[in-house]
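Hi,

Here is the structure I promised to pass on. Have a look first, and my notes follow below.

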Amino acid sequence: METFKRCNRCLLPETYETLEIAEDGSSCNMCRSSEYKSLKIDWDKRKRKFDAIIEKYRGLGDYDCIVPFSGGKDSTFTLYNLVKEYGIKPLVVRFNHGFCRPGHEENVNRTLRKLGVDFIDFRPNWTIVKRLMREAFN
């Protein structure tokens, strides 16, 4: 009987999407990445650099920055953190591809309303996008 190779650390199987297990099975790319992040990156130093960037641009214009926003968990967390923790005044921009799940728009609107941010919802002219894509790949 054939068995799946697993990471010895997290036990994820080799069938897990994007998982690469070391030849000896000692660890996978996800475990190694997590270890690198916790042992090799000076997060306090990175935060100080980030804080300096924010202060450099704060108050220079109508907006402190532009935040790309899909309405998913990552962009929602980023937007929330910038507004609530840093007091940033962002211009929030979304590339609206037109394939949002039911209820998604309601969640986006609720987030934007609660955070009180300005929002641009960019909806491209798909005729132009298709033409440009054809030109780029031909």
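Predicted model: local features only at pLDDT ≥ 70, side-chain atom pairs only at ≥ 80, totals over all residues.

How many helices and strands does the chain have? There are five helices and three strands, counted as DSSP runs numbered from the N terminus (H or I over at least four residues for helices, E over at least two for strands). Starting at the N terminus, the order is α-α-β-α-β-α-β-α. The chain is more spread out than a compact globule, because its radius of gyration is 21 Å, well over the 14 Å from the globule rule for 138 residues. That radius is taken over C-alpha atoms, and the rule is 2.2 Å times the number of residues to the power 0.38.

Residues are numbered from 1 along each chain as its sequence is written, and side-chain values use heavy atoms, without hydrogens and water.

On the overall dimensions, the C-alpha atoms fill a box of roughly 60 × 45 × 35 Å along the principal axes. Of the 138 residues, 24% count as buried (under 20% relative accessible area, with exposed over 50% and partly exposed in between; 1.4 Å probe, protein chains only). Looking at contacts (heavy atoms within 4.5 Å) between residues at least 6 apart in sequence, 51% join residues at least 24 apart.

F95 is partly exposed, at 46% relative accessible area.

Cheers
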